[in-house]
Amino acid sequence: MKSLSLTRNPNYFLASEKSFDDFDKINIIIVPEKETSTFSFNQCLINIIETDLKNIGKFKRYTKEINKTTNELEFIYLNPKNNIFSIEQLRKAFLNIFDVDYIRQKIYINDLSKSLLNTQPEKYDKDSIKKIISNCDIKSSLKILVNANNIKRENTAIFIQKKLADYNINSVINKKSFSEYQAAFNNKDYDIFIGGFNLETCFDYDKLFASGNIFGYEDSVTNNKWQNVKHALTKAEFDSAIADLNNSMKSSFLVIIGSRNKKILFNIKATPSLLELF
């Protein structure tokens with residue numbers, strides 16, 4: 001079994017805080033399968049483990065759990081190749097219809113937290129939404145693409161379909177196997193896509209906004225605002241840039257639902273000093 005050992009750095013600027021002196025090194029055990037790591041945790045061969053909320057019942061004898069917000073995003077994407085979505089007001093109206101806060105809180109429940117990129121609508125009342133939709137003259141049925149056997153996304157698709165029907169917009173839900181779902185996404189064979197993306201590194205939103213992103217479509221305005229966030233040097237610059245980016249997301253093709261939550265568990269052999277660090 002592969003492992004990695006991290007030795008305590010006595011010159012670390014927080015070395016005197018939170019009982020860091022109690023740890024000379026940390027051993028990270030690299031296991032090939034989730035089942036192996038679960039067994040190792042339950043046998044107290046490892047003291048800390050990360051898990052999805054749905055799998056927490058597999059773990060025994062843990063004394064503490066903490067919530068962790070991950071780099072895994074859930075989102076809705078409007079296909080720019082559909083000409084109706086070129087209309088900025090319609091995109092804003094759809095964001096009101098989708099009701100992202102409801103989807104995150106009532107459909108995903110504890111699985112998602114609000115993301116740093118927080119897609120909040122410019123509030124329109126129902127009559128304003130009806131007027132925008134009437135002016136756009138949506139004639140064809142919209143295709144909502146979702147992967148089968150993902151209950152949260154399927155329920156999101158059903159919710160969106162019902163909300164669209166309230167405004168006399170027809171839609172069909174295309175549930176596909178994961179390989180077919182990926183192919184349909186790559187071929188742009190959808191109008192509304194419900195999916196997720198795991199950022200490889202913390203805050204690596206180039207994959208969503210920059211040239212060569214996963215959607216194959218670059219929104220230069222949003223990308224420029226993201227670059228301002230990325231290159232902010234102070235907290236004040238960062239806060240201002242993220243607020244500006246979030247404001248532009250009100251009319252974006254990309255609607256972020258939230259960041260996926262996980263749990264970090266500590267078992268009975270985790271020392272009091274270790275638990276105090278978290």
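This is a predicted model: local features need pLDDT of at least 70, side-chain atom pairs count only at pLDDT 80 or more; totals for chains, interfaces and linings use all residues.
Colleague: What do the contacts in the chain say about residues at least 24 apart?

Modeller: Take the contacts between residues at least 6 apart in sequence: 73% of them join residues at least 24 apart. I257, in strand β9, gives a case to look at. I257 and Q105 are 152 residues apart in sequence, yet their C-alpha atoms are 9.8 Å apart in space.

Colleague: Which residues is I257 in contact with, leaving aside its neighbours within four places in sequence?

Modeller: They are E74, F75, I76, V100, I103, R104, Y108 and L112. I257 counts as buried because its relative accessibility is 1%, and the cut-off for buried is under 20%.

Colleague: And the surface? How much of the accessible surface belongs to carbon and sulfur atoms?

Modeller: Those atoms hold 48% of an accessible surface of about 15700 Å².

Colleague: Let us go inside. How is empty space found?

Modeller: Rolling a probe the size of a water molecule over the atoms shows where empty space is left. In this structure there are two cavities of 30 Å³ or more.

Colleague: Which residues line the largest cavity?

Modeller: Start at Y77, then find L208, F209, N213, F215, Y217, E218, D219 and T222, and finish with S252, F253 and L254. Sorted by class, this lining has seven nonpolar, three polar and two charged residues.

Colleague: N213 is one of that lining. Is N213 buried or exposed?

Modeller: N213 is buried, because its relative accessible area is 8%. You will find N213 in the loop between α7 (206–209) and α8 (220–230). Its side chain reaches the backbone nitrogen of F215 at 2.8 Å. A polar atom of the N213 side chain also lies 3.1 Å from the backbone nitrogen of G216. Not counting residues up to four places away in sequence, N213 touches D206, K207, L208 and E218.

Colleague: What lines the second largest cavity?

Modeller: Its lining is made of L78, R91, F94, L95, F98, M249, K250, S251, S252 and V255. Six of these are nonpolar, two polar and two charged. Helix α2 (residues 88–98) gives the largest share of this lining, four residues.

Colleague: S252 is in the lining of the second largest cavity and in that of the largest cavity. Where is S252 found?

Modeller: Look in the loop between α9 (235–248) and β9 (254–267). S252 counts as buried because its relative accessibility is 7%. The S252 side chain reaches the backbone nitrogen of L254 at 3.0 Å.

Colleague: What follows α2?

Modeller: D99 does, and its phi is positive, near 55 degrees. D99 is not a glycine. It sits in the loop between α2 and α3 (100–107), and at 30% relative accessibility D99 counts as partly exposed. D137 also has a positive phi, near 55 degrees, and is a residue other than glycine. Its place is the loop between α4 (126–136) and β6 (142–147), and D137 is partly exposed with a relative accessible area of 45%.

Notes: Residues are numbered from 1 along each chain as its sequence is written. Side-chain values use heavy atoms; hydrogens and water are left out. On a 1 Å grid over the protein atoms alone, a cavity is a set of points where a 1.4 Å probe fits but cannot get out, and a pocket is an open set with protein on both sides within 12 Å along at least five of seven lines; lining residues have an atom within 4 Å of a point. Grid points are joined across faces, edges and corners, and a volume is the space filled by probe spheres set on the points. Ala, Val, Leu, Ile, Met, Phe, Trp, Tyr, Cys and Pro count as nonpolar, Asp, Glu, Lys and Arg as charged, and the others, Gly among them, as polar. Helices (H or I, at least four residues) and strands (E, at least two) are DSSP runs, numbered from the N terminus. Contact means heavy atoms within 4.5 Å. Accessible areas come from the Shrake-Rupley method with a 1.4 Å probe; for residues, only the protein chains shown count as cover. Buried means under 20% relative accessible area, exposed over 50%, partly exposed in between (1.4 Å probe, protein chains only). A polar contact is a pair of N or O atoms within 3.5 Å; within protein, one must be able to donate a hydrogen and the other to accept it, and residues adjacent in sequence count only if both atoms are side-chain atoms.
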